[in-house]
Amino acid sequence: MERNLTHIALFAALIAVLGLVPKIDLVSGVPITAQSLGVMLCGTVLGARRGALAVLLFLGLVAAGLPLLAGGRGGLGVFASPTVGYLVGFPLAAFVAGLVVERLRIAIFPAAFLGAILGGIGVMHVCGIIGMSVMLDKSLPEAAVLALPFLAGDLLKSGLAAAITRGLARLRPASVLSRA
Amino acid sequence: MLTLCSPVDTALHRWPAGVKLAAVALGSAAIFAISALPVMAGVLVALALVYLAQGRAFARAGLRLLRPLWPFFVVLAVWHLWTADLARGALLAGRMLAAVGLANLVTMTTRLDAMLAVLERLLSPLARLGLRPRVLALAMALVIRFVPVLLDKARDLRQAWRARSPRRVGAGIVLPLALAALDDADHVAEALRARGGL
């Protein structure tokens, strides 16, 4: 019980820190926020339920007015902005990523990679695109065009999430709760 | 860690948080129902006046919070110039500005503790599903405490990287950072258990 709580809280903090750390070069030269990497890791490391709870905890604190989103954004305003779909997608993405790693009994790297792609890219962008389409009053394909530039970076982040999950599974096998 | 609540004390700070949240919910619904451009313009002017009435520094801070929206204004401008439907574009841009501006106003005038208290009250029905309010409060406090701790850790890792490598700081620091989070989680869990648990 205590361990579940502290893992959820610490990974919620990790999502925030990955969004706030200045300039990690994922692809050299292009500053991509690592925040969605944090969301993927919540799912692949903590598992479906705990991962989603960690993301919800993070979003609750953002809504309460802490500037924890990438670029120091936060507050209720972000839930009224066109990117709200991505925020709704965050916990669902972590849940799906975690579910894949929990259920798919294959090696941890391919399982986490697949989970990160399905959750962190698939679910995340479906929610985000629906959100932009509603908020900007555009058709779904039109809104999808706005999401396209981010796909390459997201694929890279999925690979990173998988590699990091494998690394954690080697170094702290008991702490990777999605497989524990 | 700083919150987005404005340090400029205003009369709005003294409204109960629950009232402000209900007002923003109703206000957003109304803003989304507006379909006439003059009405939207009127709402925006009124909102701007409310911001300005709280003082120049407050209004400037409010403007700063709106900055992340600019890419969407560009998208709307390009799109509606292309389709020659500028009135529609202006309405959508106004709607976005009004909804975000109104929500930011609540965030800027409500202290974090008041907001967390409302959040706890809203989530209290979940106690029946096993989510006790005390546990939720502890989880939120842990996040607030550990964001700066992990940020310090990230800074140390970046400095260590820069001391070792001429290349720019890369994703290599994420694994040790996640490891630190996992280890801290275990330590805090032990400390909680040692003090009698949850």
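**View 1. Helix α4(B) crosses helix α5(B) in a right-handed sense.** A crossing is right-handed if the near helix is turned clockwise from the far one by less than a right angle, and left-handed if anticlockwise. This is a predicted model: local features need pLDDT of at least 70, side-chain atom pairs count only at pLDDT 80 or more, and totals for chains, interfaces and linings use all residues. Residues are numbered from 1 along each chain as its sequence is written, while chains are lettered from A and ligands numbered from 1 in the order in which they are written. Helices are DSSP runs (H or I, at least four residues), as are strands (E, at least two), numbered from the N terminus. α4(B) spans residues 70–82 and α5(B) residues 86–108; their axes come within 9 Å and cross at roughly 165°. α4(B) is therefore roughly antiparallel to α5(B). Axes are lines fitted to C-alpha atoms, for helices over the stretch in contact, with angles from 0 to 180 degrees between N-to-C directions. Angles under 35 degrees count as roughly parallel, over 145 as roughly antiparallel, 65 to 115 as roughly perpendicular and the rest as oblique.

**View 2. Residues where α4(B) meets α5(B).** α4(B) brings B:Phe72, B:Phe73, B:Leu76, B:Ala77, B:Trp79 and B:His80. α5(B) answers with B:Leu86, B:Arg88, B:Gly89, B:Leu92, B:Ala93 and B:Met96. Two residues are in contact if their C-beta atoms, placed from the backbone, lie within 7 Å. By class, this contact has nine nonpolar, two polar and one charged residues. Ala, Val, Leu, Ile, Met, Phe, Trp, Tyr, Cys and Pro count as nonpolar, Asp, Glu, Lys and Arg as charged, and the others, Gly among them, as polar.

**View 3. α2(A) against α7(A).** The two axes come within 9 Å and cross at roughly 40°. That makes α2(A) oblique to α7(A). The crossing is right-handed. From α2(A) come A:Ser36, A:Leu37, A:Met40, A:Leu41, A:Thr44 and A:Val45. Among their partners in α7(A) are A:Asp154, A:Lys157, A:Leu160, A:Ile164 and A:Leu168. Eight nonpolar, four polar and two charged residues make up the contact.

**View 4. The side of chain A that touches chain B.** 54 residues of chain A are in contact with 58 residues of chain B. α1 (2–20), α2 (35–46), α3 (48–63) and α7 (151–171) of chain A each supply at least two residues of this side of chain A. α1(A) gives the most, with 15 residues. This side of chain A holds 35 nonpolar, 12 polar and seven charged residues.

**View 5. α1(A) passes α8(B) in a right-handed crossing.** α8(B) covers residues 174–194. Its axis and that of α1(A) come within 8 Å and cross at roughly 145°. On α1(A), the contact includes A:Glu2, A:Arg3, A:Leu10, A:Phe11 and A:Val17. On α8(B), it includes B:Leu177, B:Asp184, B:Val188, B:Leu192 and B:Arg193. The contact divides into 12 nonpolar, two polar and four charged residues.

**View 6. The two domains of chain B.** Domain 1 runs over 11–123 and domain 2 over 132–194. These bounds come from an automatic or database domain assignment. Taken over C-alpha atoms, the domain centres are 34 Å apart.

**View 7. Confidence in the model.** The predictor gives the complex an ipTM of 0.90 and a pTM of 0.92. Chain A averages a pLDDT (the predictor's confidence in each residue, from 0 to 100) of 90, with 94% of the residues at 70 or above. Chain B averages 90, and 99% of the residues score at least 70.
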